[in-house]
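Let's take a friendly walk through this model, going from the whole chain down to single residues. Here it is.

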Amino acid sequence: MNSQSTDPGDVYVKAGAIVFGLGALATLVTFVPLFLHLTPLPTVAYWLSMLMPAGFLAALTGLLLNARAQRRRIGPVGS
């Protein structure tokens with residue numbers, strides 16, 4: 001098997017993981033001032049937290065594309 005995969009969804013999975021990580025970091029940063037009773041961050045910081053579900057959706061899309069491509073390579077079952 002190749003060490004490099006050429007499945008169509010690999011880019012989506014990698015990009016989704018990075019975007020999810022950035023969103024998770026933004027979520028942590030926005031909640032810290034709330035727990036420490038500091039001045040809350042501007043609204044933009046909370047919008048950056050929405051990167052987490054966007055990254056999850058991108059990674060899920062990539063996984064579904066990879067599964068579909070693998071299923072096409074295998075061919076019909078039972079023939």
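Predicted model: local features only at pLDDT ≥ 70, side-chain atom pairs only at ≥ 80, totals over all residues.

## The first helix and what covers it

The buried residues in question are D10, G16, G23, A26, T27, T30 and P33.

As for its length, α1 has 26 residues, and the distance from its first C-alpha to its last is 38 Å, close to the 38 Å expected at 1.5 Å a residue. After α1 comes H37, with a positive phi near 55°.

## The chain as a whole

Stepping back, the chain contains three helices and zero strands, and its elements run α-α-α from the N terminus on. Of the 79 residues in the chain, 20% are buried.

The 24 residues of α3 should span 34 Å at 1.5 Å a residue, and its end C-alpha atoms are 35 Å apart, which agrees. G55, A59, G62, N66 and A69 are buried in α3, and the buried residues of this helix pack against α1. Following α3 is G75, which has a positive phi, near 95°.

## How α1 and α3 pack

Two packed helices are described by the angle between their axes and the distance between the axes. For α1 and α3, the angle is about 160° and the axes are 7 Å apart. An angle over 145 degrees counts as roughly antiparallel, and α1 and α3 are therefore roughly antiparallel to each other. Their crossing is left-handed.

Which residues make this contact? On the α1 side they are D10, Y12, V13, G16, V19, F20, L22, G23, A24 and T27, and on the α3 side L51, M52, A54, G55, F56, A58, A59, G62, L63, L65 and N66. Sorted by class, the contact of α1 with α3 has 14 nonpolar, six polar and one charged residues.

T27 sits in helix α1, which covers residues 10–35. Is T27 buried or exposed? Its relative accessible area is 17%, and buried means under 20%, so T27 is buried. Leaving aside residues up to four places away in sequence, T27 touches S49 and M52.

V11 is also a residue of helix α1. With a relative accessible area of 62%, V11 is exposed, the cut-off for exposed being over 50%. Between V11 and A59, the C-alpha to C-alpha distance is 8.8 Å, while 48 residues separate them in sequence.

L65 belongs to helix α3. L65 has a relative accessible area of 28% and is therefore partly exposed. Which residues does L65 touch, not counting residues up to four places away in sequence? They are P8, G9 and Y12. For one of these, G9, the C-alpha atom is 5.1 Å from that of L65, though the two residues are 56 apart along the chain.

Key. Residues numbered from 1 in each chain as written. Heavy atoms only, no water. Helix = DSSP H or I, 4+ residues; strand = E, 2+ residues; numbered from the N terminus. Buried < 20%, exposed > 50% of the residue type's maximum accessible area, 1.4 Å probe, protein only. Contact = heavy atoms within 4.5 Å. Expected span 1.5 Å × (residues − 1). Axes fitted to C-alpha atoms, helices over the stretch in contact; angles between N-to-C directions. Parallel < 35°, antiparallel > 145°, perpendicular 65-115°, else oblique. Left-handed = near helix turned anticlockwise from the far one by under 90°. Nonpolar A, V, L, I, M, F, W, Y, C, P; charged D, E, K, R; others polar.
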